[in-house]
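Hi everyone, thanks for coming.

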Amino acid sequence: MPRYVTEGPEPSPERFRLYRLCDCTACRGTGKDLDHHPADGGPRSPCPDCRGEGRTRDLVATCATPEAVGVALITLGREGEWSNGCP
């Protein structure tokens, strides 16, 4: 059974993704593995959770059109999604 009464184009896939960047909880935002001790020798390895970036990406929303991105940002702001200090 078709989705629409008249055949029309399928809705576009949601190609825009909004992420929140928060400090990594495993390395506390340093990007380095905190379990590595200088006595072990060698440089500190990158944090396995954030891959050395110090921040983790958390998917917040997906949108299909550029206009929907603006609506999503405003809606998320009104819901307090950005008030936790993560850009």
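Let's begin with what lies over the buried residues of α1: the cover includes β1 and β2. Please keep in mind as we go that this is a predicted model.

So which residues of α1 are buried? They are Val69, Ala72 and Leu76. Looking down the helix axis, these buried residues fall within an arc of 65 degrees, so they line one face of α1. If you are wondering why that spacing works, an α-helix has 3.6 residues a turn, so residues three or four places apart point the same way.

Just beyond α1 comes Gly80, with a positive phi of about 80 degrees.

Next, the core. The largest nonpolar core has 6 residues, namely Leu18, Ala61, Cys63, Val69, Ala72 and Leu76. At least two of its residues come from β2, and at least two from α1. The largest share is that of α1, with 3 residues. Let's stay with Leu76 for a moment: apart from its neighbours within four places in sequence, Leu76 touches Leu18, Val60, Ala61, Glu81 and Trp82.

Stepping back, what is the order of the elements along the chain? The pattern is β-β-α, made of 2 strands and 1 helix. The protein chain has 87 residues, and 18% of them count as buried. If we take contacts between residues at least 6 apart in sequence, 62% of them join residues at least 24 apart. As for the surface, the accessible area is about 6700 Å², and carbon and sulfur atoms account for 53% of that.

One last stop, at Arg51. You'll find Arg51 in the loop between β1, residues 16–23, and β2, residues 55–63. Arg51 is not a glycine, yet its phi is positive, at about 60 degrees. For background, most residues other than glycine have a negative phi. Is Arg51 buried or exposed? Its relative accessible area is 60%, so Arg51 counts as exposed.

That's my tour, and I'm happy to take questions.

Definitions and conventions:
Residues are numbered from 1 along each chain as its sequence is written. This is a predicted model: local features need pLDDT of at least 70, side-chain atom pairs count only at pLDDT 80 or more; totals for chains, interfaces and linings use all residues. Side-chain values use heavy atoms; hydrogens and water are left out. Helices (H or I, at least four residues) and strands (E, at least two) are DSSP runs, numbered from the N terminus. Buried means under 20% relative accessible area, exposed over 50%, partly exposed in between (1.4 Å probe, protein chains only). The arc is that of the directions from the helix axis to the C-beta atoms. Contact means heavy atoms within 4.5 Å. Accessible areas come from the Shrake-Rupley method with a 1.4 Å probe; for residues, only the protein chains shown count as cover. A nonpolar core is a set of buried Ala, Val, Leu, Ile, Met, Phe, Trp, Tyr and Cys residues joined through side-chain atoms within 4.5 Å.
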